[in-house]
Amino acid sequence: MKRVLVAGSTGAGKTTLARAIAERLAIPFHEMDALAIVGPQWEENPRLFEDVSQISSGPSWIFDSFGYPQVRDLLWSRADTVVWLDYSRPVIMRRVLRRSAARTLFRRRIFGGNVETASDWFRADHPAWWAWSQHAHRRVDIATRCADPRFAPLEVIHLATPQAARAWLNIATTAGDKTMANQVKLTESFPRR
């Protein structure tokens, strides 16, 4: 487990888990949204592909993302492990609503110095609306990629609840050995087509 993607729906807790894994395993952490959004008014990074390509050519890294479309195949082809946070819609919605409400109320600066505003909540691309509308689609996309032979060999750690994620994190990072982590019945294998 040296080149890791933490995948899941918006609001699942990808960044939190990716940071925890990175800290415990001494793997460099990269926040995908911070790489992709670089300026005011949600300005996109025109060099995203080049930046991610350079980072992902290294021997170890962890990204908190399924991957933006322009870098998705690149990351999946270079990863050796995908930790999939496959939480239910109610879990996701509680998390994303709590996070976005705090960001809006406290005017927390995020990627590129931007802030979520009250008017943003009425946009279709707001994290809360996005998480609700894309939940089922994202699950299918991730499951399809996990089973895709283009990305083999890929270790898939499929975690269906936050409790399973916490248990897996404690075992995997304490043992430092993915085979020991997989002895816990928290993961699911995906057959290759």
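Residues are numbered from 1 along each chain as its sequence is written, and side-chain values use heavy atoms, with hydrogens and water left out. Because the model is predicted, local features need pLDDT of at least 70 and side-chain atom pairs count only at pLDDT 80 or more, while totals for chains, interfaces and linings use all residues.

The largest pocket has a volume of about 1,400 Å³. A pocket is an open set of points on a 1 Å grid over the protein atoms alone, with protein on both sides within 12 Å along at least five of seven lines; its lining residues have an atom within 4 Å of a point. Grid points are joined across faces, edges and corners, and a volume is the space filled by probe spheres set on the points. The lining of the largest pocket holds 46 residues, of which Thr 10, Asp 33, Tyr 68, Arg 99 and Phe 111 are the closest to its centre. Two or more lining residues come from each of helix H1 (14–25), helix H2 (32–36), helix H5 (89–105), H6 and helix H7 (162–175). Helices (H or I, at least four residues) and strands (E, at least two) are DSSP runs, numbered from the N terminus. H1 provides the largest share, six residues. By class, the pocket lining divides into 20 nonpolar, ten polar and 16 charged residues. Here Ala, Val, Leu, Ile, Met, Phe, Trp, Tyr, Cys and Pro count as nonpolar, Asp, Glu, Lys and Arg as charged, and the others, Gly among them, as polar.

One cavity of 30 Å³ or more is counted. A cavity is a set of grid points where a 1.4 Å probe fits but cannot get out. The largest cavity has a volume of about 40 Å³. Its lining consists of Gly 8, Ser 9, Trp 84, Leu 85, Asp 86, Tyr 87, His 135, Arg 138, Arg 139 and Ile 142. Strand S6 (81–85) and helix H6 (127–147) are the elements that give two or more residues to this lining. H6 gives the most, with four residues. Four of the cavity-lining residues are nonpolar, three polar and three charged.

Three aromatic pairs are counted. Rings of Phe, Tyr and Trp (its six-membered ring) pair if their centres lie within 6.5 Å; planes under 30 degrees apart count as stacked, over 60 as edge-to-face and the rest as tilted. Trp 61 and Phe 63 form an edge-to-face pair, at 5.3 Å centre to centre and with 65 degrees between the planes. Trp 61 is buried, at 0% relative accessibility. Phe 63 is also buried, with a relative accessible area of 0%. Buried means under 20% relative accessible area, exposed over 50%, and partly exposed in between (1.4 Å probe, protein chains only). Phe 66, Trp 76 and Phe 151 form one aromatic cluster.

Two arginines lie over tryptophan faces. Arg 89 is placed over Trp 132, at 4.4 Å from the ring centre. Arg 145 is placed over Trp 76, at 5.6 Å from the ring centre. The criterion is that NZ of Lys or CZ of Arg is within 6 Å of the ring centre and within 35 degrees of the ring normal.

The loop between H6 and strand S7 (155–159) contains Arg 150. Arg 150 is exposed, with a relative accessible area of 51%. Arg 150 and Trp 76 are 74 residues apart in sequence but 8.8 Å apart in space, C-alpha to C-alpha. Beyond its neighbours within four places in sequence, Arg 150 is in contact (heavy atoms within 4.5 Å) with Asp 73 and Arg 145. Pro 153 is placed in the loop between H6 and S7. A cis peptide bond joins Ala 152 to Pro 153, with omega about -5 degrees.

Positive phi values occur at residues other than glycine. Ala 26 has phi of about 55 degrees. Ala 26 sits in the loop between H1 and strand S2 (29–30) and is exposed, at 68% relative accessibility. Trp 42 has phi near 60 degrees. Trp 42 belongs to the loop between strand S3 (37–39) and strand S4 (43–44) and is partly exposed, with a relative accessible area of 29%.
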